[in-house]
Amino acid sequence: MTTEKVLLVDDEVDFLETMAERLQTRGMDVTTVDKADEAFEKIQAEDYDAVILDFLMPGMNGIEALKALKKKRPDLQVILLTGHATIEKSVEAMKLGAVDFLEKPADIEALTEKIKEAQTNKMLIVEKKMESRIKDVLKKHGV
Amino acid sequence: MSGFRKQLNMAGQSFFGKMSASTTHELKNALAIINENAGLLNDLSQMVESGAELSAERLKSITGRIRKQVVRADDVTTKLNQFAHSMEHPIEPLELAGLVHTVLDLGRRIIEQRRMEFEIETPQAPVTVSSNRFYLMNLIWSCIEIAMDSVDSDACITIDIRATSAGGSVSFNRIDQGPEPLKIRELTDMEKALLQGMGAELIAAETTGGFVLKLPASCRYQFFK
């Protein structure tokens, strides 16, 4: 299994630093940003196995951000973290394609498990895409 | 229950909900950081058991982060506790600048989420009116929301508190160079009930721009009757 590449997005810098360190000690490659705009730039430039996104950040509605992220990168595996969870919002987020919706303070082992699941999902999506491309190429050449 | 009383109750419940959500969200964030730092200490202790070295500086940095969040959570809890006690007296003397500070602190998360900034022009001498603490805080919060509703995000708004011949005034104005001036949008029935209950007026400030909340020296409405 390759190292999980994670983008951590939260406006609480102390939270970012500590969570990043803990995930790194679990063998993950972690990038942190404390502004929603920077998260959009990062996902355009880099490929991540999972994005851990704070649901409520200054100037950002979590649902709108999730929609925008999924529009830019439909395969993106987003795990929402929030200090403000409601069942209604979590259902909405899951319908929009969030992998999971975890409440702060989150359990690191549960989060690690979710990240690993996200990476597996991502690999399956990539594999399916590759398979489809190979089939197209073979079809083109009459094989 | 009269329509006015019903609107006033609804305004109070809505305000209580918003302030509770804002403050508990802050508490959750502080607890999340404490939780992660406690977890980090646990991770490090396991590494030490496996033979890794751990410096005193590293430990100090982690405990420093925990202490910082304990101070933050304690501050939020103190304000939430003061807020919970704001229903105790129907009418009491209230110092306006302090009250505005408290409301801004309670609603900090909502204000930050809308990317707004508020600055208070503190008067040289304290301005005091006699009113109901909870509903006056509610009315001040409504004015803050009206100000935020009239501009896009990233606006800087000043709150100027003054004594007047009739009591006190709280003025809201935009101090940054943004394109939209502050204006009063159409008031909701709850906001109208709050103004009526407090015997207050909300008027556009023609010369300086923005708007002004005018408060009587003594509120005559019988709260909690």
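Start by selecting helix α1 (residues 3–49) of chain B together with helix α5 (residues 133–149) of chain B, whose axes come within 10 Å and cross at roughly 75°; α1(B) and α5(B) are therefore roughly perpendicular to each other, a label given to angles of 65 to 115 degrees. Helices here are DSSP runs (H or I, at least four residues), and their axes are lines fitted to C-alpha atoms over the stretch in contact, with angles running from 0 to 180 degrees between N-to-C directions.

This is a predicted model, in which local features need pLDDT of at least 70 and side-chain atom pairs count only at pLDDT 80 or more, while totals for chains, interfaces and linings use all residues. Residues are numbered from 1 along each chain as its sequence is written, chains are lettered from A in the order in which they are written, and side-chain values use heavy atoms, without hydrogens and water.

Now colour chain B by its two domains, domain 1 (3–86) and domain 2 (91–216), whose bounds come from an automatic or database domain assignment. Their centres, taken over C-alpha atoms, are separated by 28 Å, and 21 residues of domain 1 of chain B are in contact with 19 residues of domain 2 of chain B.

Finally, select Arg109(B) and Glu26(B), which form a salt bridge with their closest N and O atoms 3.7 Å apart; the term requires a side-chain nitrogen of Lys or Arg within 4 Å of a carboxyl oxygen of Asp or Glu.

Note on methods. Helices (H or I, at least four residues) and strands (E, at least two) are DSSP runs, numbered from the N terminus. Angles under 35 degrees count as roughly parallel, over 145 as roughly antiparallel, 65 to 115 as roughly perpendicular and the rest as oblique. Contact means heavy atoms within 4.5 Å.
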